Amino acid sequence: MQQNEQRRYDVGGPGEVTCVTRKWEVVGGVNKEYPPCSNCGGQHSYDRSSCPAFNKRCNACGKWNHFSKWCRSSKTRTYNRPGQGPSQSSRAPHTVRRGGQTHRISELDAQVAYEPADLFYCESVEVPADRGEIFTILSTSNTGKQLKVKIDTGARCNVLSKGDLQHIDPGAHVDHSHVVNLVAYGGQIIQTLGVTNVNFTCGTLQFHVVDSDVKPLLGLRDSVKLGFVQLGPNVHALQQGAPELTEYKDLFDCSTIGKLPVAYHMRLDPSVHPTICAPRRVPLAMKDKIIKELNRMTKLGVIKPVQEPTEWVSSMVAACKKDGAIRLCIDPVHLNKALLRPHHPMKTIEQVVADMPGAKVFSILDAKCGFWQVPLSEESSRLTTFMTPVGRYAFLRMPYGISTGSEVFQRCMEQLFEGQPCAIVVDDILIWGSTTEEHDLRLRQVMDRIRTVNLKLNPDKCRFRVSEVSYVGHLLTDQGIKPDPTKTDAVSSMPTPADKHDVQRFLGMTNYLSKFIPGYSKITAPLRQLLLQDVEWSWQEHHMAAFTRLKELLTSPPILQYFDVHQPVVVSADASQHALGAVCLQDNKPVAFASRALTETESRYAQIEKELLALVYACQKFHGYIYGHPVTIETDHHPLITILKKPLHLASARLQRMMLKLQRYNLNVVYKRGKELYLADALSRAHLPSTDGADTSEDYDVMTVEALSSRRTEELRQETRADHLCRRLSEIIAVGWPDSSKKLPHDLRQFYAIRDELTVDNGLLLRGQRFVIPHSLQRYYIRQLHQGHPGLEATKRRARETMFWPSMYQDIEHEISRCAPCNALRPHQTKEPLQLHDIPDLPWALTAADVFELGGGGHLVLVDSYSSWFEIDQLPNMTSATIITRLKRHFSTHGAPQQLMTDNATYFTSREFQEFAYTWDFCHVTSSPHYPQLNGLAERAVRSAKHLLEKCARDGTDVYAALLNLRNMPRDGLPSPAQRLLSRCTKTLIPMTKAMYVPKVETQIQAALTRTRQRGKAHYDRSARRLTSLQAGQTVRIQTDRGYDKLGTVIGRALQPNSYQVQAGDATYVRNRRHLLHTPEQYTPPTTTEVPLNTNSEPLPEPQPNVNQPQTEQVQEAPVVVTRSGRISKPNILYKDYTT
């Protein structure tokens, strides 16, 4: 057949395959003469349910679906009688008739490893080559090679040989963690190597790879997906033996969601406060799929967008199923704490059995997305609001994950089907009948009711006309009610003790139940003799008899309790290094036991993952006992309790998958010490060798954002393996944490507080979803986090999302504090508390001077600190000589001051001005460069002088008259400047009496000034903070017009208040503490051997000036330049950086 000659097939019903060009008909669905069955030895139809060995466990090998007499395991005995045993000759194939010719049909079932209930059937139709086989040709998209595959409508998986895979895609990857067994109907077992995904032009297909020469098979699912096979309108369930339900095909329509005629109203505990969860990040590549799924759920009427504010907002959990589909649910960890349970009781086994006397035929109906078929009230819908990447949505139907969901659904089902010939068995609908006709009649009656209440069914999980059904530890069969043997297999098949430790463990379990065992001491006497120190180990027949007797007592009444739906349920679960154990208890008596071995993959789990796996196994094993009811689960792993209370996204991906499986149950996990968990601990160590019940294939993967690329991930994995601390931490996680941190090595104790969050996944250490970074990569990742130079807190927040190590925050602070660009652009430091100058006790003792420009000319201001008297002089130029002349005039009038404070302008720091200070015998003090606040007295006087000149210029008044008036104006409760300076009022333009001109000495000026300035300091200091003192040798950054961009080292304190001398490069600077940023950076001094200090200060030939004179940052006066127009031009002193 050519590639363009693809045929389309229609599956019209059970046992019928219709081709466009020819018709294939299976006579009656089976061959008229049935060959001997290789599983049970009898003759019956090819329907699995008709085989007596179906769902039975072999006593020889422990596997399912065959009797020990016909076991094909290599460990069992062989059979020599013809027609018996698993010989190849006895495995007659099925036959199918086409016209008058008969052809062989071989049937394969692909049994997923360790899961006996999950079987794949791959019915391969083999016909002679000359008759024309049913094939199609697929072309690979990457290599262009073609693969001829057989369309197998009975197959539930695709099969490909290793040789064919190497031919079409030599570089294909085979996932060896998903290994299954292909079992031929005749008994031949084909071991697969794993699964692989092959990219064809029609899409990506998954194949099971086998190391044998088989024809490539394309199963039914992908045949329908690619359009090679179309399901006919009369097909509702592909199960043989099902009754004709053509008129009910609308109930199996999977494209819609049913809507029950009920409404669930959630009731909350008023003491629990509402919680709004932040949105969680999802992979960018999956955002479109999530939006598509949101739109699909909106179209189905399951959710709706929310615009108005809501008190409760949960987080969204996005999971990717095996087939690539997206599953969206919520993580209502906070909402579940507030929900009040409806307390709906389950029917007892007596009540169920009383309604079905003589039942021999059973059917089980399963609801499609059962929770979604229960509508919510408007108020309850708002409670289920959840955050998505594109806004908020709320559920219109009952969401998965809420703790009351199972009870509500069961209550709704029982109310809606009250009076119908059926029973609600946990979460299914059970129909029965004493005959097939009665069963079918009741089935149709229930189907009519299902249509009335608008319930949709899942055709894949419905079972029709079966002979037995399990219910809370019992089997409802065509022969009556029987105890379910699976609930006691873990004890009845417990291996024989091999040493004294095994005996101690077994007796520990039996001692827990000894009060229910009559004659317990006498029965256990032989076993206790083995534990004596002077007795060597020797297992004899009387020991075996005691061991067997105890197992019989444990698995039979009165010790083994029948399940009571009205009694509370306690489940104990434990995980050992190689197995899982669980027991279901009521009133401290066992109801059911369970144990299994761990698979090779599960044995490599971290201990916390094994313990959570034990909880999942226990819940799934005892599903019929605990579903829909609150249950207490006992565990000896205390960290599990903590992690199960946290939001889902804080756990690792593997833990998230297991936690999602527990969402359907209403669990209360409690801690119980290991030495008190007798039953579960013993079952986990003396376990069954089978791994039945293991879930080797994940149903879905929780979407998380990978913080690293694949190359970075591999680099991180290698460094983690090379790091000594990480290796030891991985070992501790694998074997389990001790009871106390004191039992750990000192360097591992820092991880003890977060031990419940640490896991190992594929060679990587994780805390939740964050990678644990080894020491060798920590500094590198800090630099990666700090790219773009975000702030310290922003860098910490980013690190908090993606990675972890114990000292991460301290290391980030240490690294960022040494970042030169960040330090250079740091904001200005906060102001320090105000430092007041000494308040003089005499007038004109402390003065300050400053120069300012106004109206195109320079002005000199001289102010007295005691009296606030200030003088204003207009300057023809701003040279030292001119300023000295003006100062001499004022000093000659009021006297020379004791101290004059100025800034560091060149006309104040020149040699000429120093000589003037020395000659007139006053102390000249300069403020710190670029810190005018230190000369606040002069700055305040400059502001008053500018206002005076500006206002007089605006109204044209006399400046000197205004100045005269201001000097006689009282201020702030103090006498006027004239009264403080001259002890009298001066004559003004305002008439006054002669008595007012009489001199009067004010004696309380100093005290009044002190009070006034202290009030100003208290107001200023409210937003001030004292900076730490600097020490010689510390590295600092000097603030300039471009920020803190000059690095230097502290030499020592300067003469100015709160100022320091700093060496930066070849110069020495004097700066106030507020302009110096202390940094842990390393300062490298210049390579030159000479540092020019005080190069512009030469000693005077006469006595030295006052010792308080600063000797740094003094430079020569700026040169004066006269332009052609006669204007004097000189550099602006504000742009001069004063260095020595």
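1. Residues are called buried when their relative accessible area is under 20% and exposed when it is over 50%, with partly exposed in between; by that scale D1045, at 31%, is partly exposed. The structure discussed here is a predicted model.

2. The salt-bridge partner of D1045 is R1042, with the closest N and O atoms 4.0 Å apart, and R1042 is exposed, its relative accessible area being 69%.

3. K1017 and D1021 also meet through their side chains in a salt bridge, at 2.8 Å from N to O. Here K1017 counts as buried because its relative accessible area is 19%, whereas D1021, with a value of 22%, is partly exposed.

4. In helix 12 (residues 541-554), E552 and R549 lie 3 residues apart, so about one helical turn separates them, and their side chains form a salt bridge of 3.8 Å, N to O. E552 is partly exposed at 42% relative accessible area, and R549 is likewise partly exposed at 41%.

5. A search of the whole structure gives 25 salt bridges, and K304, E378 and R382 are joined by such bridges into a network.

6. Leaving aside residues up to four places away in sequence, L365 touches a set of residues including D428, I429, I431, L443 and F464.

Technical notes. Residues are numbered from 1 along each chain as its sequence is written. This is a predicted model: local features need pLDDT of at least 70, side-chain atom pairs count only at pLDDT 80 or more; totals for chains, interfaces and linings use all residues. Side-chain values use heavy atoms; hydrogens and water are left out. Contact means heavy atoms within 4.5 Å. Helices (H or I, at least four residues) and strands (E, at least two) are DSSP runs, numbered from the N terminus. Buried means under 20% relative accessible area, exposed over 50%, partly exposed in between (1.4 Å probe, protein chains only).
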